[in-house]
Amino acid sequence: MTASRVAEDKYRPLLRQDIEENTKWRYGPPSYEAVNKLFEEGRTKVWAPGSLEEQVQTMVKQWEMEMFHKLDFQENRSVDPEKYIFSLNGRKGISLEEKRKLGGGYIPLLQTSLPEKLRPYNPYAETADSSHKAFTTAFPRGFALEILHVYSGPPQIVYKFRHWGYMEGPFNGHAPTGDIIEIYGMAIFTLDENSKIVKVEFFYDPAELLGGLLKGEFEGSAEDAVATSCPVLRNTG
């Protein structure tokens, strides 16, 4: 893809270079046009260029893009793939390879200790592709992210975040409600001497997300409810 055909993403400055260098993508080069518009219309904070908050927000958006869309761990620019560890809500940390074995995609962010029969949505029964398809179908405009507060700077960055989107598509057999779904949480990113992310700790309540998605009337099987068109997979939050 030539430089003239690749649009600059002002919130993910490395994305254009990634596309031009023929990065291996899970679903093809991602498009953030819709979610960037959602972000600009719904954000509550506008950080000054170059501020710590703006830098952290850019770093997190870049990290999310790589975690969801890049196939080759070695092509990740934001993390050290050999050292990287991810932890959710105080659970034991997992490496990138363990994350892949777990299923990748949204699954590590939805880990649960609930008995299987009590899970309204069972992430362990999903794959990276099926979970990505389900969430991008439910949120066709994406799931926007903003940083609300940064409590400490590198090498250990502690921040509060907000994610939001509108449920304008079905999820797991439940009809779309059109309602906004918001989640709030905290995260800790640890950087090494090369400013690469080596540890991510996320703290939030997945029930805030799933509760809103399962509110709509149940219309049928999750398989029937999920769109399968490839372009949908390229829109993300």
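Start by selecting Leu209, which counts as buried at 5% relative accessibility (buried means under 20% relative accessible area, exposed over 50%, and partly exposed in between, with a 1.4 Å probe and protein chains only). What you have open is a predicted model, in which local features need pLDDT of at least 70 and side-chain atom pairs count only at pLDDT 80 or more, while totals for chains, interfaces and linings use all residues. Residues are numbered from 1 along each chain as its sequence is written, and side-chain values use heavy atoms, with hydrogens and water left out.

Stay with Leu209 for a moment. This leucine sits in helix 6, residues 206-213 (helices are DSSP runs of H or I with at least four residues, strands are E runs of at least two, and both are numbered from the N terminus). Now show its surroundings: beyond neighbours within four places in sequence, Leu209 is in contact with Leu110, Phe135, Phe139, Phe143, Ile181 and Ile183 (contact means heavy atoms within 4.5 Å).

Next, turn to the charged side chains. The structure holds 19 salt bridges, each defined as a side-chain nitrogen of Lys or Arg within 4 Å of a carboxyl oxygen of Asp or Glu.

Select Glu40 and Lys10, whose closest N and O atoms are 3.0 Å apart in a salt bridge. Glu40 belongs to helix 2 (residues 33-42) and Lys10 to the segment before helix 1 (15-20), so this pair ties together parts that are 30 residues apart in sequence. Colour by accessibility and you will find Glu40 partly exposed at 33%, whereas Lys10 is exposed at 59%.

Move on to Lys24 and Asp72, joined by a salt bridge of 3.5 Å, N to O. Here distant parts of the chain are linked, 48 residues apart: Lys24 is in the loop between helix 1 and helix 2, and Asp72 in the loop between helix 3 (52-69) and strand 1 (85-88). Lys24 is partly exposed at 44%, and Asp72 is partly exposed at 25%.

For a pair within one helix, pick Arg100 and Glu97 in helix 4 (residues 96-102), three residues apart and thus separated by about one helical turn. Their salt bridge has its closest N and O atoms 3.8 Å apart.

Last stop: select Asp18, Glu21, Glu66, Lys70 and Arg77 together to see a network of salt bridges linking them.
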